[in-house]
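I opened a new structure today and kept notes as I went. Here is what I looked up.

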Amino acid sequence: MIHWTDKERTFMKEALRLARRGWGLVSPNPLVGAVIVRKGKIVSTGWHSGPGLPHAEAAALAAAGKRQTVGAELYVNLEPCRHTGRTGPCTDLIVAAGIEKVYYSIPDPNPQARGGAQALEDAGVETRRGLLAREAYDLNQFFVKWQFTRRPFVILKTAASLDGKIATRAGDSRWISSKVARNYSHHLRAGVDAILIGRATAAKDDPELSARPWGRRKMHREPMRCVLDPGLRLPASLKLFDPSYGGPTVSFCAPDAPPAAVAELSAAGVRVIHIPWDGRGRLSLGKVLEALGELEVQSVLIEPGATLAASALLDEGVADLVHVFIAPMFLGGQDAPSMLGGAGVEKLTDARGAEILRIARKGPDIHFVVRPQGAFTPPPGFLDLPEDGPSGHLEEEG
Ligand code: AOF
Ligand code: ZN
């Protein structure tokens, strides 16, 4: 068990804080921050701000004077790369700058880039792995899952009343959650590669599916807007299909969708992807994720109605993380939809278990962050590090 000092933790926390600045900017790259420390003081910092732009380590080194980096320490939340991709190897820059010691949180899962720590050791630079590994992993779960599985990380977001209803008996649902909760949802949208909704939600709510995070600088890139529409019967007039509202649109349809509708949507700039049935009369979500992964989509936010939520969470079990907002109201009604539709489970022993990672307030609402059973976990060895503690952080926020 390695005991990290408070100073070491503080410097890596700063690297993680810098890394978060790249939220919504860096995909398909990871969120990375770097801090250079000399004689116990920060001399420069850097963060990665997008594909083709300098890596965090390169940015921090460039921001420091040459004499400041000799004999200094570098803190970075991902193992430095040793490859030439859109930019050159960070390991070479680190060695040339005379850095003596590199602290990194998690190994680089990218087969092209990995191996940087060994390269540094070979060049006489000391490396220390595992500082704030859990936090660093949580920050880059999208990147890590996609690198290991070529499938996107799946976040499911839902909002309900205290009695678990997502709409009134008449279908009224705007809005159950508060403005603060909805702003948080826009922050989530801003950081993912794709948003996915079902046919019923598209028809009923006509959402834009754009990311409009609170007080945020203009989005440099809007997430891809995806809809499950087996028979391609949604009207072309929906905002979802209008490019002026958001990112590119993808329609997932059944193998036997009418060719005329496919042609019409394609001509309008919508990408149409055929998906096999799942055996329960719905499109296979597993196959949808496979198709998205091939498009280099590393994260998808599902904003489901009751049917899609049940498929994603219970029937297919594809969700890796669930955000639930509970609003302080009661709606009642046998026929008012609740969070999960579908057939449901029969026995309590069939329930999908979950681990609550976080509970917070969002205005008047309660915000749960939950990891359901079956969520992605990295392969053995990736995270079982000295720093490894319990798998989540149960926190309460004021
Ligand atoms: C980043 N930013 O700060 C670090 C990365 O092809 P490139 O040049 O865009 O390199 C991307 C890979 O580099 C990425 O998949 C990851 O493995 C490694 N490290 N990437 O975008 C950074 N340190
Ligand atoms: Zn690099």
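My entries run from the whole chain down to single residues.

**Ground rules.** I am working with a predicted model, where local features need pLDDT of at least 70, side-chain atom pairs count only at pLDDT 80 or more, and totals for chains, interfaces and linings use all residues. Residues are numbered from 1 along each chain as its sequence is written, chains are lettered from A and ligands numbered from 1 in the order in which they are written, and side-chain values use heavy atoms, with hydrogens and water left out.

**Whole chain.** I looked up the secondary structure and found twelve helices and 14 strands. These are DSSP runs, helices being H or I with at least four residues and strands E with at least two, numbered from the N terminus. Next I checked the box around the C-alpha atoms: roughly 70 × 45 × 40 Å along the principal axes. Of the 398 residues, 53% are buried. Buried means under 20% relative accessible area, exposed over 50%, and partly exposed in between, with a 1.4 Å probe and protein chains only. I then turned to contacts (heavy atoms within 4.5 Å). Among those with a separation of 6 or more, 73% join residues 24 or more positions apart.

**Zinc site.** Which atoms coordinate the zinc ion (ligand 2)? I found His 55 (ND1), Cys 81 (SG) and Cys 90 (SG), at 2.0 to 2.2 Å. His 55 sits in the loop between β2 (41-47) and α2 (56-63), and Cys 81 in the loop between β3 (73-78) and α4 (90-96), so this pair ties together parts 26 residues apart in sequence. The donor spacing along the chain reads H-x25-C-x8-C. Donors are N, O and S atoms within 2.8 Å of the metal (3.2 Å for Na, K and Ca); water is not among the atoms, so sites may look incomplete. Are His 55 and Cys 81 buried or exposed? I noted both as buried.

**Arg 271.** I found this residue in strand β10 (residues 271-274). Arg 271 is partly exposed, at 46% relative accessible area. I listed what Arg 271 touches, leaving out residues up to four places away in sequence: Thr 249, Val 250, Ser 251 and Leu 295. I also checked Cys 226, which is 45 residues from Arg 271 in sequence and 9.4 Å from it in space, C-alpha to C-alpha.

**Helix α7.** I looked up residues 141-149 and found seven of the nine buried. Among them are Phe 142, Phe 143 and Trp 146. Just after α7, I noted a positive phi of about 60 degrees at Arg 150.
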